[in-house]
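Open the model in your viewer and keep the sequence panel beside it. This tour goes from stop to stop.

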Amino acid sequence: RLKFSSMMRFISVIFSVFTGLVFTTIITRNLSAVEYGEWVAIGSLMVYGVFPSLGLGYWYTRYTARNIPIARYGILITSIFSVVGVAIFFIAATIFIKEFDHLYPILLVASLQVITSSLIHSLTAISNGKKPEFSAYGILIFEIVKVTLAITILFGLGNFSLIDVIIVIIISQIVQIFSLSVLIRKEIIRKIDFKNIF
């Protein structure tokens, strides 16, 4: 089982390298230098928004591995933390981005990525405690959907804007969240026993 999980993780990483190259090529060929710089800046700020949820992953993996039902409670806590993360994301944006007013509509859409990224981190941590290969499946699904959507938009619209990039990533992450939720559904439906948590 350990070999299979490790092999799937390795395959997903190698696969993401190639899909990442394709996605980056599409972006660099279609975004202007300014838009690409804005996308990189927004991506850097995303760390501040996701940070409140990052520390929870260790505990989710630990409890799940010990067969203590934590998934449903963990998803709820992560959702609350991600809302706080959105606020931190906007605070960081006002500090580090001089053209905040100009980018506000884009930042508003990008803030959804704080929530999706936080949930993915938690669902991945839960799956790592039970079946680590599920997180590899999630990565593969995300990469396939991301590249497929990017190519579809490129050939359908003929161009690719910054908002398109962000929407593609968010939709891909939502599909990944749904896929991971289905894969670990047995953990999610388990009743929480709070005396084992506190």
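Which residues make a nonpolar surface patch of about 760 Å²? Select Phe4, Met7, Phe10, Ile11, Val13, Ile14, Val17 and Phe18. Val17 lies in helix α1, residues 2–30.

A note on the model: it is predicted, local features need pLDDT of at least 70, side-chain atom pairs need 80 or more, and totals for chains, interfaces and linings use all residues. Numbering starts from 1 along each chain, and side-chain values use heavy atoms, without hydrogens or water.

Next, select α5, residues 100–130. Helices are DSSP runs (H or I, at least four residues), numbered from the N terminus. α5 reaches 42 Å from first C-alpha to last, close to the 45 Å expected (1.5 Å times one less than its number of residues). Centre on Ile106 for a kink of about 45°, the angle between axes fitted to the seven residues ending there and the seven starting there.

Now the rings. The structure holds seven aromatic pairs (ring centres within 6.5 Å; planes under 30 degrees apart are stacked, over 60 edge-to-face, the rest tilted; Trp counts by its six-membered ring). Trp59 and Tyr63 form a tilted one, 6.4 Å centre to centre with 35° between planes. They sit four residues apart in helix α3, about one helical turn. Trp59 is partly exposed at 42%, whereas Tyr63 is buried at 16% (buried is under 20% relative accessible area, exposed over 50%, partly exposed in between).

Notes. Helix = DSSP H or I, 4+ residues; strand = E, 2+ residues; numbered from the N terminus. Patch = residues over 30% accessible without salt bridge, like charges linked within 9 Å, V, L, I, M, F, W, Y side chains within 5 Å. Areas by Shrake-Rupley, 256 points an atom, 1.4 Å probe, with all protein chains shown as cover. Salt bridge = Lys/Arg side-chain N within 4 Å of Asp/Glu carboxyl O. Buried < 20%, exposed > 50% of the residue type's maximum accessible area, 1.4 Å probe, protein only.
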